[in-house]
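Please look at the model below before reading on.

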Amino acid sequence: MPASTANLGPGFDSIGMALDVWDDARAEVTDGGLVVEARGNGAGEVPLDGSHLVVRSMRAAWEALDVAPPAGLELRYTGAVPHSRGMGSSATAIVAGVALATALAGHELDDAATLAFVNDVASSIEGHPDNASASVYGSVTVSWADVLEGPDAPRDWHTAVLRPHPDVVPVVIVPAQRLSTATARAALPESVPLAVAARNSGRAALLAHAITTEPSLLMPATLDALHQEHRRSAYPDSMALVDALRDAGVPAVISGAGPTVLALASRFALSAVHDVARGGEVLELSVPTHGITPMSR
Ligand SMILES: Nc1ncnc2c1ncn2[C@@H]1O[C@H](COP(=O)(O)OP(=O)(O)O)[C@@H](O)[C@H]1O
Ligand SMILES: N[C@@H](CCOP(=O)(O)O)C(=O)O
């Protein structure tokens, strides 16, 4: 399962993009007991019992499938996605759990209906679909729920997959600082004025066009009105870097809930990104055209 970057500016809680950094998860049914092994990012930090996010996600998937959990389970997880940086580690882990449980229940992970199920369950567990859908499908994803209004959390998530323009190179600048998504979400207002929502809708629609067809429009297309400024005090250094990159003509945003910064650079602007971002961990990545990749043993 790949990492993901969410929002890309105005696509708050709807637009995501897969990033070429991969977690690896393997599971085996046993006669009894639970064994969890964690390697790489998260090792020594995540719990190794039934409260592990992947195990919880597997249980939720079996419940959604109306399948009894097996007597025993061995889970081996190797994490490459950094935690709490805004690169979707929790969604990657949730997608892994839902995909593993679905496969163990006998469903083929390259089947469109199975992927749609994994996408729906994983997005529901995460609470917003942008990261999970990108990890499930790869590429750029636009996700929506059947329910547009109402007090309950939306259910029945769906996703359209868009192919990014080949000139767009995602570059992430990953700070050492961590920020949990829950903390960053707590900084957001309950509601925004209609005019602000309308302006943001226009930018999000433009983003879908710019990232697939006309990357020269990425600068206006990545301007967000819903979340970044509200969270500025949670990641001041990252916002300063976003501002400096944009001043240098590079479309830059906060990746997910931060604090990682995402630059959607053209191949010609890569040196400008490296010049401005000097000091951080700068990774030039690609966008995988597939998400969950089942591996035979
Ligand atoms: N591979 C994993 N195994 C277990 N828990 C994980 C894994 N990846 C992420 N998590 C949990 O998710 C948390 C990070 O999620 P979150 O705050 O949403 O940040 P992000 O998804 O941007 O990395 C971690 O602190 C950990 O509790
Ligand atoms: N739309 C969410 C995205 C959170 O992404 P993450 O990678 O930080 O988990 C938000 O902005 O809260």
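1. Contact here means heavy atoms within 4.5 Å. Leaving aside residues up to four places away in sequence, A91 touches E126, N131 and A132. The model is predicted: local features need pLDDT of at least 70, side-chain atom pairs count only at pLDDT 80 or more, and totals for chains, interfaces and linings use all residues. Residues are numbered from 1 along each chain as its sequence is written, and side-chain values use heavy atoms, with hydrogens and water left out.

2. A91 lies in helix α2; helices (H or I, at least four residues) and strands (E, at least two) are DSSP runs, numbered from the N terminus. A91 is buried, at 0% relative accessibility. Buried means under 20% relative accessible area, exposed over 50% and partly exposed in between (1.4 Å probe, protein chains only).

3. S89 also belongs to helix α2 (residues 89-104). With a relative accessible area of 15%, S89 is buried. Its contacts, not counting residues up to four places away in sequence, are V81, P82, H83 and S84.

4. An unreviewed UniProt entry places the feature "binding site" at positions including S89 and A91. UniProt positions follow the numbering used here, feature names are shortened, and annotations may be inferred rather than shown by experiment.

5. In strand β8 (residues 168-174), seven of seven residues are buried. V168, P170, V172 and V174 point one way, and V169, V171 and I173 the other. In a regular strand the side chains alternate between the two faces of the sheet.

6. Strands pair if DSSP finds at least two bridges between them. β8 pairs in the antiparallel sense with β10 (residues 261-266) over six bridges, and with β11 (residues 281-284) over four. I173 stands opposite V261 in β10 and has V282 as its bridge partner in β11.

Terms used
Chains lettered and ligands numbered in written order.
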